[in-house]
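Thanks for coming, everyone. Please take a look at the screen, and then I will walk you through it.

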There are 2 protein chains.
Amino acid sequence: MKIKVTIKDVAKRSGVSISTVSRVLNNSKPVSPEIRQRVLEAIRETGYRPNLLARGLVLRKTNIIGIIVPDISNAYYSELVKGTEEISNMYNYSILLCNTYGELKKEMEYLNLLTEKQVDGIIFMTTNLTEEHVRWFKENDVKSVFVNRHIEGMDIPYVSIDNYNAAYDATNYLIELGHEKIAYIGGPLSDEILGMKRFEGYKQALYDAGIDFRQELVRVSKIGIKSGYEAMGDILDVHKDITAVFAANDIMAIGAVNCILDRGYKIPQDISVVGFDDIPFASIIRPALTTIRQPIYDIGAVAARMLIKKLNGEKLDEISVNLPYQLIERDTSAKAKKRRK
Amino acid sequence: MKIKVTIKDVAKRSGVSISTVSRVLNNSKPVSPEIRQRVLEAIRETGYRPNLLARGLVLRKTNIIGIIVPDISNAYYSELVKGTEEISNMYNYSILLCNTYGELKKEMEYLNLLTEKQVDGIIFMTTNLTEEHVRWFKENDVKSVFVNRHIEGMDIPYVSIDNYNAAYDATNYLIELGHEKIAYIGGPLSDEILGMKRFEGYKQALYDAGIDFRQELVRVSKIGIKSGYEAMGDILDVHKDITAVFAANDIMAIGAVNCILDRGYKIPQDISVVGFDDIPFASIIRPALTTIRQPIYDIGAVAARMLIKKLNGEKLDEISVNLPYQLIERDTSAKAKKRRK
DNA sequence: TTGAAAGCGCTAACAC
DNA sequence: GTGTTAGCGCTTTCAA
């Protein structure tokens with residue numbers, strides 16, 4: 001076990017005071033060239049590494065950003081975390097990763113833990129923003145940025161996409177292909193985005209096109225391939241004549257695709273499917289999935305950038321950012337066979 | 001901006017010394033019930049939260065584990081990180097996430113950064129273990145655990161699976177199905193696992209079955225769906241009569257599957273495909289991929305558990321652990337049409 | 001059982 | 001330009 005070498009050792013070895021060492025370390029004040037040289041040499045010889053913990057204690061700054069996600073093994077979140085990680089690293093911040101399984105209890109624990117660990121800021125993601133969250137963020141003024149969620153009336157920035165309009169566009173795309181019986185598969189209603197926003201976009205598009213909304217054509221369940229599969233099955237059991245389905249995310253959409261295929265229907269000839277997110281696998285599965293592309297990596301990157309600006313006391317141009325989305329036409333969607341009446 | 005409340009404030013408010021507060025906080029020494037009560041109350045009233053940074057400085061313990069991965073957006077690594085995160089959290093450790101893109105430079109930077117941040121230990125993953133890594137780990141005695149890689153002659157524990165035998169079994173499975181012309185698609189040779197171990201298992205299985213190894217049937221490239229697709233294409237251009245292919249991981253296998261399908265062959269009737277890893281999407285794509293299942297989550301969990309034992313000074317039962325793997329038969333593999341001679 | 005004081009490794013006034 | 005010193009918020013001797 002080597003003994004840790006500290007700033008004192010470097011000071012002693014180079015025959016200067018610790019403040020001088022600190023100065024060359026941080027370039028915080030001028031130091032004469034010869035002394036700087038001596039110090040640098042001593043650092044090299046001793047293999048000195050500054051203790052960032054100690055520095056953090058006096059500077060009240062850890063250069064650590066906490067990131068709270070429901071499920072890091074979910075392609076959506078891992079891509080997003082990658083974005084935050086890269087940007088953070090660029091600005092000399094590290095990422096403390098917290099996985100919550102979407103459980104409120106864990107989320108609250110992590111929120112508290114992160115503040116105790118003195119992280120400089122928090123990037124927060126949850127599927128279900130509750131009163132308890134709101135209260136916490138009101139009581140604890142930790143610099144934070146939200147992703148995909150938003151607390152009304154608080155100045156916590158957030159980054160997302162316009163889920164309502166994106167869902168509207170996706171549905172409308174199917175309508176323009178001539179589809180009328182368009183099923184909807186979504187997340188639980190407790191989920192503001194996957195349960196509500198996208199559902200509303202779907203309904204509005206139907207409405208604007210003069211198509212009656214029919215509750216029998218929608219299935220809502222927890223998010224997952226299997227639920228997507230089952231939801232599709234439930235609908236197909238009763239409504240064999242649907243010609244299209246819009247799923248609130250790719251995971252559910254892929255489940256739906258598998259179900260449709262397993263039942264012997266052809267995609268897109270018999271049934272068109274449109275997903276949401278454009279996770280990497282959307283383009284890989286066959287048939288490749290038509291979907292709404294979210295700039296997932298960018299969302300993470302922008303969230304990190306906004307947080308860092310906040311940490312630097314810079315003014316944010318906008319408190320909330322909606323990044324552009326895009327409809328990606330691939331192989332699961334086609335014109336409806338029967339003409340629209 | 002609220003002013004941070006410190007242990008001093010709590011002490012003042014409850015009319016005791018900071019040492020007493022510290023004692024009730026940590027249960028480190030007996031404190032009389034009345035005083036304990038007073039202190040607890042003061043803590044509640046002030047909303048005091050211990051500063052873990054300061055505690056870490058004196059205890060020389062941050063309860064943070066650094067984890068270094070090539071690509072967090074890769075399903076394999078994100079699942080693995082999930083395993084470490086969960087176990088770490090159970091034992092009161094947090095995860096500092098470092099994404100390297102497999103670049104040596106970034107890996108070294110992170111290694112240094114993590115030690116400066118005083119993490120208690122490091123879980124290290126790389127695709128290509130170099131001399132520089134070895135040197136670093138020799139010079140810095142940071143408690144670490146390796147995943148899937150191993151430094152010969154050092155007592156750094158690692159956890160993995162037996163890649164050689166798993167690849168052997170996968171290949172042998174195809175042989176037993178009657179296949180003889182079995183192509184191999186793998187990672188770069190610089191990659192100890194995806195380039196070497198699995199390749200050798202493949203060759204040995206061929207050898208043991210009396211099948212001549214043919215270099216023309218192997219393609220090696222960087223890891224990715226696209227490379228898998230292209231590698232498969234290259235082979236198919238020349239050798240239209242192969243009846244099976246073993247890919248060194250699922251990503252490449254999925255690329256290969258898509259290529260085979262795009263060229264109008266049927267899977268598994270014309271060509272069987274076996275992958276490696278059993279990433280979540282292996283069971284989702286159609287046809288579902290036959291593959292070797294690695295207990296990915298468990299690998300991460302075990303790595304974390306081992307590291308934490310090390311941090312506690314507990315003796316490890318084994319310095320290196322190979323977790324069990326399993327061949328999962330799904331829909332991309334079937335008996336060869338022509339009988340083996 | 002409690003308090004005073006030293007010190008973890010560092011930065012930043014403040015003096016010189 | 002350089003050194004001395006007072007903390008940052010906490011734990012832990014050491015005395016009382």
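Which backbone atom of B:Ala54 lies 3.4 Å from a base nitrogen of DNA strand D? An N or O atom of the B:Ala54 backbone does. That is a polar contact, which here is a pair of N or O atoms within 3.5 Å; within protein, one must be able to donate a hydrogen and the other to accept it, and residues adjacent in sequence count only if both atoms are side-chain atoms.

Some ground rules. This is a predicted model, where local features need pLDDT of at least 70, side-chain atom pairs count only at pLDDT 80 or more, and totals for chains, interfaces and linings use all residues. Residues are numbered from 1 along each chain as its sequence is written, chains are lettered from A and ligands numbered from 1 in the order in which they are written, and side-chain values use heavy atoms, with hydrogens and water left out.

Let's stay with DNA strand D. Helices (H or I, at least four residues) and strands (E, at least two) are DSSP runs, numbered from the N terminus. Helix 2 of chain B has the largest share, five residues.

In total, 27 residues sit around DNA strand D. Near means that a heavy atom of the residue lies within 4 Å of the strand. A:Ser19, A:Arg23, A:Ile35, B:Ile7 and B:Tyr48 come nearest. What do they approach? Of the DNA strand D atoms within 4 Å of the protein, 70% belong to sugar or phosphate, and the rest to bases.

Now DNA strand C. Sugar and phosphate make up 73% of the DNA strand C atoms that come within 4 Å of the protein. Watch the arginines. A:Arg55 has a side-chain N or O atom 2.7 Å from a phosphate oxygen of DNA strand C. B:Arg23 reaches a base oxygen: a side-chain N or O atom is 2.6 Å away from it. A:Arg23 has a polar side-chain atom 3.2 Å from a base nitrogen of DNA strand C. Helix 2 of chain A gives the most to this surface, five residues. By class, the surface has 13 nonpolar, nine polar and six charged residues. For the classes, Ala, Val, Leu, Ile, Met, Phe, Trp, Tyr, Cys and Pro count as nonpolar, Asp, Glu, Lys and Arg as charged, and the others, Gly among them, as polar.

Next, the two protein copies. How is chain A superposed on chain B? A rotation of 180° with 0.1 Å of shift along its axis does it, at an RMSD of 0.1 Å. So the copies are related as by a two-fold rotation axis. A:Leu96 has the chain A C-alpha nearest that axis, at 2.3 Å. The superposition is by least squares on the C-alpha atoms of residues with pLDDT of at least 70 in both copies. The copies meet through the same surface, because 100% of the interface residues of chain A are also interface residues in chain B.

Zoom in on A:Ser78. This residue is in helix 5 (residues 75-90) of chain A. Is A:Ser78 buried or exposed? A:Ser78 is buried, at a relative accessible area of 0%. Buried means under 20%, exposed over 50%, and partly exposed in between (1.4 Å probe, protein chains only). Leaving aside neighbours within four places in sequence, A:Ser78 is in contact (heavy atoms within 4.5 Å) with A:Ile72, B:Ile72, B:Ser73 and B:Ser78.

Last, some backbone geometry. Most residues other than glycine have a negative phi, and most peptide bonds are trans. A:Gln118 has a positive phi of about 65°, yet is not a glycine. A:Gln118 sits in the loop between helix 6 (104-116) and strand 3 (121-124) of chain A. A:Gln118 is also buried, with a relative accessible area of 17%. Then there is the cis peptide bond joining A:Arg286 and A:Pro287, with omega about -5°. A:Pro287 lies in the loop between strand 9 (272-277) and strand 10 (290-293) of chain A.

That's my tour. Thank you.
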